[in-house]
Amino acid sequence: MSSNRFSPSPRRTATRCASYAAALALGLSLTAAGLTGCSTASRPPASAGPAVSTSVSAPAPAPGVDGRERLTVGDGTREYLTHRPAAEGGGPRPLLIAFHGRGADAEQLRRQSGLDKAAEARGMLLVYPEALGKGWGAGTAATAQRPDPDADVRFTEALISELVRTGRADPHRVYVAGFSNGGSMALRMAAQRPDLVAGAASVSGELPTGAAAVKPTGPVPVLIVYGAEDPVRPLAGLPAPGPAAPGEEPITATVSARASAEAFAAAGGTGGPAEEGKPGYDSVTWPAGPAGAEVRLLVVHGAGHTWPGSTMPPPAGFGSVSTALDASGTLLDFVTAQKR
């Protein structure tokens, strides 16, 4: 398989960037704005921001029952949805934290992805946190709208700590995933917290470049699923993003989906990439090196800025949903094969 499947031509990149600008003009800010990543710092200073304290608004939901809980971190309180498998017993379970896209919320990602059913079949605890202002601080560069760019990292750490403390989550099997801006947030957690995250998956989310550039700091197994025809966050990256809508966070330039995968492959000391064409998508895999961190990129033919396998129609201008790949089952199979 030739490398140009993952590295579109300049003409094709320009076309996608033009489509992205058109989406912004239509006000499609659901996932287009604020896709940011992390800086080259391995982690924020431990003393940065307010001290972390936690509280939960209700007892853990009974097996098979969805719940909504609250967590206080510093002076802010967040909500998150939970889904436990119907099967009883077993003690701490593998945990997946799923970050929604910008402009969306936890319930929308739940419906878009169908992750509940996929996680249920694998006996996993699934948690969908709510972002502040419907967007994740997936980058370490401060903005006027987000003066503390590390707040979401600390919140995620505190959320994991709470779920482990209450005996619901296995600390050795903590995984993160997300869509678009949420996918970038998942990649940031993998990049900055390789000692905490056993595996990560991003759907339609890339790592940023420029002032908020990402540099993974250790080996983490990572899966990136991307639409080949994404008009909002192009496969080739976004080297020169257009202006944000009034009051929105600045739009962050991103590297390509392949460059995002290559950054994690380099940090994990993987082997050279092996490329393969599959029905409906192309696959490139960097096999695990001594650290055991495989990296994989799946580029889905004809897919847009969407969740492959979803039954929920995407917003106008976001492109097509592919049925050639079940993104939820694929990413859960990938992460659950990992253990820290």
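What is the volume of the largest pocket?

**Figure 1. An overview of the predicted model.** This is a predicted model, and its secondary structure comes to 7 helices and 10 strands. Of the 340 residues in the protein, 54% are buried. Take the contacts between residues at least 6 apart in sequence: 68% of these join residues at least 24 apart. The accessible surface of the protein is about 12,600 Å², and carbon and sulfur atoms account for 54% of that area.

**Figure 2. The largest pocket and its lining.** Here is the answer to the opening question: the largest pocket has a volume of about 230 Å³. Its lining is made of 14 residues, and those nearest the centre of the pocket are L132, G133, Q145, R146 and E249. Sorted by class, the lining of this pocket holds 7 charged, 4 polar and 3 nonpolar residues.

**Figure 3. The largest cavity.** The protein has 2 cavities of 30 Å³ or more. The largest cavity holds about 90 Å³ of space. Look for Q112, M312, P313, P314 and P315, which are the closest to its centre among the 14 residues that line it. The lining of the largest cavity has no charged residues; 9 of its residues are nonpolar and 5 are polar.

**Figure 4. Helix 2 and the glycine that follows.** Just after helix 2 comes G114, with a positive phi of about 65°.

**Figure 5. Helix 5 within the fold.** Helix 5 runs over residues 181–192, and its 12 residues reach 16 Å from the first C-alpha to the last, close to the 16 Å expected. Because 12 of its 12 residues are buried, helix 5 is largely enclosed by the rest of the structure. Among these buried residues are N181, M185, R188 and Q192. Which elements do the buried residues of helix 5 pack against? The list takes in strand 3 (93–99), strand 5, strand 6 (199–203) and strand 7 (222–227), together with helix 4 (151–165) and helix 6 (257–268).

**Figure 6. Two serines with a positive phi.** Most residues other than glycine have a negative phi. S180, however, is not a glycine and has a positive phi of about 60°. S180 sits in the loop between strand 5 and helix 5, and it counts as buried because its relative accessibility is 0%. S204 also has a positive phi, near 65°, and its place is in the loop between strand 6 and strand 7. Is S204 buried or exposed? With a relative accessibility of 1%, S204 counts as buried.

Figure 7. H172 belongs to strand 5 (residues 169–179). Its relative accessibility is 39%, so H172 counts as partly exposed. Leaving aside residues up to four places away in sequence, H172 touches A198, K339 and R340. L95 lies 77 residues from H172 along the chain, and the C-alpha atoms of the two are separated by 9.3 Å.

Key. Residues numbered from 1 in each chain as written. Predicted model: local features only at pLDDT ≥ 70, side-chain atom pairs only at ≥ 80, totals over all residues. Heavy atoms only, no water. Helix = DSSP H or I, 4+ residues; strand = E, 2+ residues; numbered from the N terminus. Buried < 20%, exposed > 50% of the residue type's maximum accessible area, 1.4 Å probe, protein only. Contact = heavy atoms within 4.5 Å. Expected span 1.5 Å × (residues − 1). Areas by Shrake-Rupley, 256 points an atom, 1.4 Å probe, with all protein chains shown as cover. 1 Å grid on protein atoms, 1.4 Å probe; cavity = no way out; pocket = protein on both sides within 12 Å on 5 of 7 lines; lining within 4 Å. Points joined across faces, edges and corners; volume = space filled by probe spheres on them. Nonpolar A, V, L, I, M, F, W, Y, C, P; charged D, E, K, R; others polar.
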